[in-house]
Amino acid sequence: MDLQYALELSGTFVFAISGALAIREKEHDLFGAGFTGFITAIGGGTLRDILLDSHPLVWIGDIHFLYAILIGILTAFIFPNILSRLRKTFFLFDTLGIGFFTVLGVEKALSLGVRPEIAAIMGMFSAVMGGVIRDTLTNEIPILFRKEVYASACLVGAILYLILHYFAVDRNYNMLISMSLIISIRMIAMKYKLSLPRLG
Amino acid sequence: MDLQYALELSGTFVFAISGALAIREKEHDLFGAGFTGFITAIGGGTLRDILLDSHPLVWIGDIHFLYAILIGILTAFIFPNILSRLRKTFFLFDTLGIGFFTVLGVEKALSLGVRPEIAAIMGMFSAVMGGVIRDTLTNEIPILFRKEVYASACLVGAILYLILHYFAVDRNYNMLISMSLIISIRMIAMKYKLSLPRLG
Amino acid sequence: MDLQYALELSGTFVFAISGALAIREKEHDLFGAGFTGFITAIGGGTLRDILLDSHPLVWIGDIHFLYAILIGILTAFIFPNILSRLRKTFFLFDTLGIGFFTVLGVEKALSLGVRPEIAAIMGMFSAVMGGVIRDTLTNEIPILFRKEVYASACLVGAILYLILHYFAVDRNYNMLISMSLIISIRMIAMKYKLSLPRLG
């Protein structure tokens, strides 16, 4: 449990950094960058909890999440150049983050008593909707609609988690396997520039 | 009641198809198209229920809505060309859909005890906000702001429903009359390219 | 209390006018302008109350807010040219409005039992998110991300309010001082074209 909590805070921290750096090339000021980091970090979980009517929201009920976000934003402000050179490291962290938050989102939804089909959607939302809201606010095409395999990897991982859960696989193994699937799909798709087909 | 439920599921199915096809010309992959279909189908009712604090959300509490959406998305994937050639048929279905969901939205809001003025807004939101959210996410000018008479037709129909409801007109007649008004306004405005005046 | 209520309704009225006029140069019809006025007026408080799970929403529970909005929209429709010539007056009203709504938002959040750090964010959200949602829907770069000092002034004012509140400064004085700070920052930044530095 302590490990999980540490991972949640770390994931939030990483999302805040990547959100704050996401608008760097634009004409945004420091406040805009900080706001974007904040939205990226809380957006997915907030949408999930509002849809499921689960209150208080995680970051409202536990102030440590806000601190993790603030430290992330400050880190982005102080070391923007170093962090930008670490692109590959960041891609790795972000990929770990979406894998982790997908599985946590599925578990939270299940614990609130919804059906597994809904839990799969909530897992994906937890992981990707922060970035979608950020991109919408900053007038970007949301990452979801770009060619990369991103949200679809989360959905597949969420479904695997639910299948293994149904067959009573131990939770820790299940988390590890499902996260690994998400991470593998995303990294392989990135490496070989794979993308899903288009419609029609 | 059974007829109404069948209509709700059918409306959801049609909205999912039109949402999935809406981004066809764009550089979106199948997942993006499916996501767009999903958002279009659930967006309006979800916003209404969150504003009114009505939980569980319709599609979370009743899994059949999710299935109606998935079948709609699959239909759009399998028959995109046939469906695109059926544009006029689709316009008709979409118009029936917004008429129907407006009236249902008004009824749901009234049943939750809000004032009629609020119920009229909720009826319109139920019908049009799915499309608005979809257009916002895909960086389109939302349909609401385009020249067509669309949301305004829903608002007028919602107000008519509330007036007839006040005068205790039988519910079935009222639904029929108010939906017909919405559908007529939209079809006449389309045929004669009518639009509301601009500001100033 | 009566004065506060009158100020809330007046602020809502002003926000509705400025929202309706905001899209004037665009190809929007009257309905779009009215819708934009509505969203601008309710957006911030609605987001705050949904995040804090405070129901019914202010404008759903008290119909006078809807009337204040409708009168604001009608005013914008009838006198668009006069109002546009009053730009400076409007800037003043808008600045008073964000100052006032920031402080009210902080107070409401505190009264719902959240921590001061969260209350500061909620105060800022109350004041600026209506405009952010409006800009997002109409495909503008949200005001938050433009160069002006806007949301950051609200955040600073919210933090000052919380500090004075902590030191048990009388509420009326506190409101006056914190609002004055927000208004001063914004007006000085506007006059001298100050802006926050960019990232990196």
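This is a predicted model: local features need pLDDT of at least 70, side-chain atom pairs count only at pLDDT 80 or more; totals for chains, interfaces and linings use all residues.
**Aromatic cluster.** I started with the rings and found that A:Phe31, A:Phe35, A:Phe38, A:Trp59 and C:Phe125 form one aromatic cluster. I noted that C:Phe125 of chain C sits in this cluster along with residues of chain A.

**Total.** I then asked how many aromatic pairs the structure holds over all chains. The count came to 24.

**Phe15 and Phe101.** I picked one pair, A:Phe15 with A:Phe101, and looked up its geometry. The centres are 5.2 Å apart and the planes make an angle of 55°, so I logged the pair as tilted, since only angles over 60 degrees count as edge-to-face. A:Phe15 belongs to helix H1 (residues 2-22) and A:Phe101 to helix H6 (residues 87-111), both in chain A, so the pair ties together parts 86 residues apart in sequence. Next I checked: buried or exposed? A:Phe15 is buried, at 5% relative accessibility. A:Phe101 is buried too, with 13%.

**Tyr166 and Phe167.** For A:Tyr166 and A:Phe167 I got a centre distance of 5.3 Å and planes at 85°, so this pair is edge-to-face. A:Tyr166 has 66% and counts as exposed. A:Phe167, at 60%, is also exposed.

**Chains A and B.** The copies use different surfaces, though: 12% of the contact residues of chain A recur in chain B.

Note on methods
Residues are numbered from 1 along each chain as its sequence is written. Chains are lettered from A and ligands numbered from 1 in the order in which they are written. Side-chain values use heavy atoms; hydrogens and water are left out. Rings of Phe, Tyr and Trp (its six-membered ring) pair if their centres lie within 6.5 Å; planes under 30 degrees apart count as stacked, over 60 as edge-to-face and the rest as tilted. Helices (H or I, at least four residues) and strands (E, at least two) are DSSP runs, numbered from the N terminus. Buried means under 20% relative accessible area, exposed over 50%, partly exposed in between (1.4 Å probe, protein chains only). Contact means heavy atoms within 4.5 Å.
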